[in-house]
Amino acid sequence: MGVRIHFYKNNTSKKLRDLISDNYSDFAHWYVNRNESSIKEFDEIYGTEELIHFFSENKNIEANLNLLDKKLVDEMTAEFVAEYSEYSKTLDFFGPTMSKWRYNESTKLVLETKNNEFIKLWGYLINGRSLKESEEFDSYTNEYKIGFLSSKEHSKLKELIIKHFGDLKGMKEKYWTNSEKKKLENAINNSKNGTYSLTDHNPVTSGLEYVMEALNEIKTSETELITGIE
């Protein structure tokens with residue numbers, strides 16, 4: 001199946017870094033206990049040795065992410081979003097989940113705009129972004145990367161997408177080929193209960209459309225848009 005991109009949003013107005021800090025003690029206990037259970041049941045560790053060691057030695061501190069090693073912060077962020085948030089229900093999983101290659105043509109279109117702000121914001125979602133000084137995401141394993149945009153940033157990204165490529169309807173009208181439009185029409189006409197599949201369908205604006213779908217689902221300006229790149 002390859003690399004996929006997932007979307008998450010906060011259940012609260014708190015930023016992701018604050019969620020990690022506020023939930024640190026429970027997160028650390030949960031992680032260490034899950035590792036102990038994994039060793040007992042499967043004779044193998046859960047997660048990474050570096051994070052297991054850190055959590056084992058620091059179960060009850062308030063995490064100041066700015067003071068921690070960047071790789072540790074990135075690994076902690078990945079585990080929080082990918083694993084702990086499902087257990088604790090601190091994040092909402094929503095929107096389309098698609099293979100990363102389906103974003104490739106849209107990335108080319110974004111690069112062609114030569115708009116540095118657009119390119120930067122797009123890259124944060126598609127390639128990942130560290131909570132540590134907004135640098136490139138680089139954990140111990142990089143098996144799961146995290147990207148995110150603040151409410152101000154994802155509002156700006158939406159504005160830039162519409163400015164350069166149009167809304168969802170506009171992108172379909174301008175960038176889809178006639179055969180792609182016909183495939184969609186046939187799929188809808190032949191659908192059952194409104195459900196249809198277009199597995200071989202990947203217009204150049206597919207990635208932009210997936211991001212716009214996610215942006216359109218965010219109801220509050222206080223919510224961060226978070227991506228998990230698996």
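This is a predicted model: local features need pLDDT of at least 70, side-chain atom pairs count only at pLDDT 80 or more; totals for chains, interfaces and linings use all residues.
Start with N35: setting aside neighbours within four places in sequence, it is in contact with I45, Y46 and I52.

**N35 and its helix**
- N35 belongs to helix α2, which covers residues 24-42.
- With a relative accessibility of 7%, N35 counts as buried, because the cut-off for that label is under 20%.

**The sheet**
- Going across the open sheet, you meet its 4 strands in the order β2-β1-β4-β3, with antiparallel pairing.
- At the edges are β2 (91-99) and β3 (145-149), each of which pairs on one side only.
- From one strand to the next, the twist averages 25°.
- As a general point, strands of a sheet pair through backbone hydrogen bonds, in either a parallel or an antiparallel way.

**A closer look at β3 and β4**
- Strand β4 takes in residues 225-229 and runs antiparallel to β3, with 5 bridges joining the two.
- Within this pairing, G147 stands opposite T227 of β4.

**Helices on the sheet**
- Helix α10 (residues 206-217) packs on the sheet and touches β1, β2 and β4.
- The direction of α10 makes about 165° with that of β2.
- Helix α4 (residues 70-88) lies across β1 (4-10), β2, β3 and β4.
- Relative to β3, α4 runs at about 90°.

Key
Residues are numbered from 1 along each chain as its sequence is written. Side-chain values use heavy atoms; hydrogens and water are left out. Two strands pair if DSSP finds at least two bridges between them. Axes are lines fitted to C-alpha atoms, for helices over the stretch in contact, and angles run from 0 to 180 degrees between N-to-C directions. Contact means heavy atoms within 4.5 Å. Buried means under 20% relative accessible area, exposed over 50%, partly exposed in between (1.4 Å probe, protein chains only).
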